[in-house]
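Here is a short report on a protein model and its ligand. Look at the structure first, then read on.

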Amino acid sequence: MFEGLKSKLQNIQKTFGRSIEAAAVVEAPAAPAPIPGKKPDTFVSRVKNLVIERELIVSEKDINEPLAELEMALLENDVALDVSDAIIGYMKENLVGSHRKIGTSVDTVVAGALRGALLQVLGEGFDPLAYVRAHERPVKILITGVNGTGKTTSIVKMAHYFKINGFSVVLGAGDTFRAGAIEQIAEHARRLGIKVIQHQEGSDPAAVIYDTVEYAKAHNIDVVLADTAGRFHNRKNLMSQLDKIRRVMKPDLVVYVDEAVAGNDAVVRAKDFNDLVGTDAVMLTKADMDPRGGAAISIAHTIGKPILFLGTGQGYDDIVPFRPETIVDELVGVEG
Ligand SMILES: Nc1nc2c(ncn2[C@@H]2O[C@H](COP(=O)(O)OP(=O)(O)O)[C@@H](O)[C@H]2O)c(=O)[nH]1
Ligand SMILES: [Mg+2]
């Protein structure tokens, strides 16, 4: 997952480290005159002393080159421009300063700055189990997004995830538009032993979802997950359908699903859906097939809504709650 971005970020940390250390040498006071009979300080020990024990002065020009390299790496890996700007801005703010006390090593300082920058754009995350625990039942979750990105698979994975964590679940087969969609979700649900409410192909999705919520209330079900079609005859139609579903279902959470592999397109679409129908959280699928990670880095900052889960494969267990700290450890390398 995100291997390309990860190796770039790990190399760039070294470039930052080298640039800062080179700058530090320039700022270093002259070595003390050798004491007769004592071995003179070596160049290496002078740098070490300076880096480990002294205040380090880093100016913007000292790190211009690694900053440019970082910016290029972010953009090449499909990080959105404003998100890349935010990361670069944070790095500058954090590294450039008149007197920085360096307690440990340059590497730790650089890793800390990068970690801080990424955490800032990723936001706080969202704990789905804590949310359901704290919320009045049934918790109603509506899934939106374009076709083929993995909505139905993701709903089934989420249902499985909630179920193995002790919550009861019902699915609403709200994609009544695409031939085969109802059978697809019903078959997954059957394999997992999860109830699904379905109507005929071509029927009104709002009615299916209404029935699903009624079923949940009547049976004390914890979580309702409603599928929707990602395509209608036209965009206006899709949006008015989703509006109607929202009115009928009154969802607690609208989760927008898109695929990490779509990179910046996913970010643009997420923004579009958020503006048109509203979004509370995002699930990014196919992270297992995405070496770039740009969508995962950019989406929360761009639309101001957290990522809830990552999809990491085609199996029912291939779903991971998105924890910003864990992703950042993975990308930057764990400290220590
Ligand atoms: N590799 C991978 N494939 C996925 C993931 N999520 C979904 N898919 C695949 O994407 C394709 C479309 O999924 P589907 O759920 O039908 O998409 P929908 O049209 O949005 O409902 C299927 O072949 C899924 O197996 C994922 O996290 N990783
Ligand atoms: Mg589907």
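For sorting residues by class, Ala, Val, Leu, Ile, Met, Phe, Trp, Tyr, Cys and Pro count as nonpolar, while Asp, Glu, Lys and Arg count as charged. The others, with Gly among them, count as polar. Keep in mind that this model is predicted.

**Around the ligand**

Start with ligand 1. It is surrounded by 18 residues. The closest are Gly148, Lys151, Thr153, Asp288 and Gln314. Which classes make up this shell? Twelve of its residues are polar, four are charged and two are nonpolar. Helix H7, residues 151-164, gives the largest share of the shell, with four residues. The space that ligand 1 takes is the second largest pocket.

Three of them are listed here.

| Residue | Part of the residue | Distance to an oxygen atom of ligand 1 |
|---|---|---|
| Lysine 157 | N or O atom in the side chain | 3.2 Å |
| Threonine 149 | backbone N or O atom | 3.3 Å |
| Threonine 312 | backbone N or O atom | 3.4 Å |

How much of ligand 1 does the protein cover? On its own, ligand 1 has 590 Å² of accessible area, and the protein covers 82% of that.

**Aromatic pairs**

Now turn to the rings. A pair of aromatic rings is described by the distance of the centres and the angle of the planes. The structure holds five aromatic pairs. One of them joins phenylalanine 126 and tyrosine 131. Their centres are 5.4 Å apart, the planes make an angle of 40 degrees, and the pair is tilted. Phenylalanine 162 and phenylalanine 167 have ring centres 6.4 Å apart. Why is this pair edge-to-face? Its planes stand at 75 degrees, so it counts as edge-to-face, because the cut-off for that class is over 60 degrees.

**Two spots in the backbone**

Two loops deserve a look. Proline 138 lies in the loop between helix H6 (128-134) and strand S3 (139-144). The peptide bond that leads from arginine 137 to proline 138 is cis, with omega near -10 degrees.

Aspartate 78 sits in the loop between helix H3 (60-76) and helix H4 (81-95). Its phi is near 75 degrees. That is a positive value in a residue other than glycine.

Note on methods
Residues are numbered from 1 along each chain as its sequence is written. Chains are lettered from A and ligands numbered from 1 in the order in which they are written. This is a predicted model: local features need pLDDT of at least 70, side-chain atom pairs count only at pLDDT 80 or more; totals for chains, interfaces and linings use all residues. Side-chain values use heavy atoms; hydrogens and water are left out. A residue is near a molecule or strand if one of its heavy atoms lies within 4 Å of it. A polar contact is a pair of N or O atoms within 3.5 Å; within protein, one must be able to donate a hydrogen and the other to accept it, and residues adjacent in sequence count only if both atoms are side-chain atoms. Accessible areas come from the Shrake-Rupley method with a 1.4 Å probe; for residues, only the protein chains shown count as cover. On a 1 Å grid over the protein atoms alone, a cavity is a set of points where a 1.4 Å probe fits but cannot get out, and a pocket is an open set with protein on both sides within 12 Å along at least five of seven lines; lining residues have an atom within 4 Å of a point. A molecule sits in a cavity or pocket if more than half of its atoms lie within 2 Å of its grid points. Rings of Phe, Tyr and Trp (its six-membered ring) pair if their centres lie within 6.5 Å; planes under 30 degrees apart count as stacked, over 60 as edge-to-face and the rest as tilted.
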